[in-house]
Amino acid sequence: RVHKGRAVQQIMQDHESNGERFDLVVAFGDERTDEDMFDVLQGNHCFTCTVGRKASRAFYFVDSPAEVVLALQALDDVGEALLRRTRGGAARMREQALQREQLRR
């Protein structure tokens, strides 16, 4: 049986087998079928969030889809602040992205 948890697990394994590592995995969901995905994404470097207050395997919750947008904006703001604080962080990330793109070609 295929479900979101298995799909996410396969994607992560494929990237890891290519030597790629995710710095952060973000997953939002609002229905039962998202719970398998949240189960797979437990642990470090994963931000799991369900929409609506209910029992869930997600670590966080927001009350509405509008709050999903706010949460993503907040994560983006934190990421930008960290890049600015890291000397040359943005330039280094662009260089790494270019290198990964060249390897894929």
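Predicted model: local features only at pLDDT ≥ 70, side-chain atom pairs only at ≥ 80, totals over all residues.

Q: Take Phe47 and Tyr60: what kind of pair do they form?

A: A stacked one, with 4.9 Å centre to centre and 20° between the planes.

Q: And where do those two sit in the secondary structure?

A: Phe47 is in strand 2, residues 46–51, and Tyr60 is in strand 3, residues 60–62, so their pairing ties together parts that are 13 residues apart in sequence.

Q: Is Phe47 buried or exposed?

A: Phe47 counts as buried, because its relative accessibility is 16% and the cut-off for buried is under 20%. Tyr60, at 40%, counts as partly exposed.

Q: What about Phe59 and Tyr60, what geometry there?

A: That pair is edge-to-face: 4.9 Å centre to centre, with 75° between the planes. Phe59 itself counts as exposed, at 63% relative accessibility.

Q: Which residues do the ring pairs link into a cluster?

A: Phe28, Phe47, Phe59 and Tyr60.

Q: OK, zooming out. How many helices and strands does the chain have?

A: Four helices and three strands. Reading from the N terminus, the order is α-β-α-β-β-α-α.

Q: How much of the chain is buried?

A: Buried residues are 23% of the 105 in the chain.

Q: Now the inside. Which residues make up the largest nonpolar core?

A: Eight residues: Val8, Met12, Val25, Ala27, Met37, Phe38, Leu41 and Ala58.

Q: Which elements supply at least two residues each?

A: Helix 1 (4–17), strand 1 (25–29) and helix 2 (35–40).

Q: Pick Val8. What is Val8 in contact with, leaving aside neighbours within four places in sequence?

A: Met37, Val40 and Leu41. Met37 and Leu41 belong to the largest core along with Val8.

Q: Where's the rest of the nonpolar packing?

A: There's a second, separate core of six residues, and Cys49, Val51, Val62 and Ala71 are among them.

Q: What is Asp36 in contact with, skipping neighbours within four places in sequence?

A: Arg1, His3, Gly5 and Arg57.

Q: Last topic, the surface. Which residues form a nonpolar patch there?

A: Leu24, Val26 and Leu72, with about 240 Å² of accessible area together.

Q: Where is the place of Leu72?

A: Leu72 is in helix 3, which covers residues 65–85. With a relative accessible area of 41%, Leu72 is partly exposed.

Conventions: Residues numbered from 1 in each chain as written. Heavy atoms only, no water. Core = buried A, V, L, I, M, F, W, Y, C linked by side-chain atoms within 4.5 Å. Buried < 20%, exposed > 50% of the residue type's maximum accessible area, 1.4 Å probe, protein only. Contact = heavy atoms within 4.5 Å. Phe/Tyr/Trp six-rings, centres within 6.5 Å; stacked < 30°, edge-to-face > 60°. Patch = residues over 30% accessible without salt bridge, like charges linked within 9 Å, V, L, I, M, F, W, Y side chains within 5 Å. Areas by Shrake-Rupley, 256 points an atom, 1.4 Å probe, with all protein chains shown as cover. Salt bridge = Lys/Arg side-chain N within 4 Å of Asp/Glu carboxyl O.
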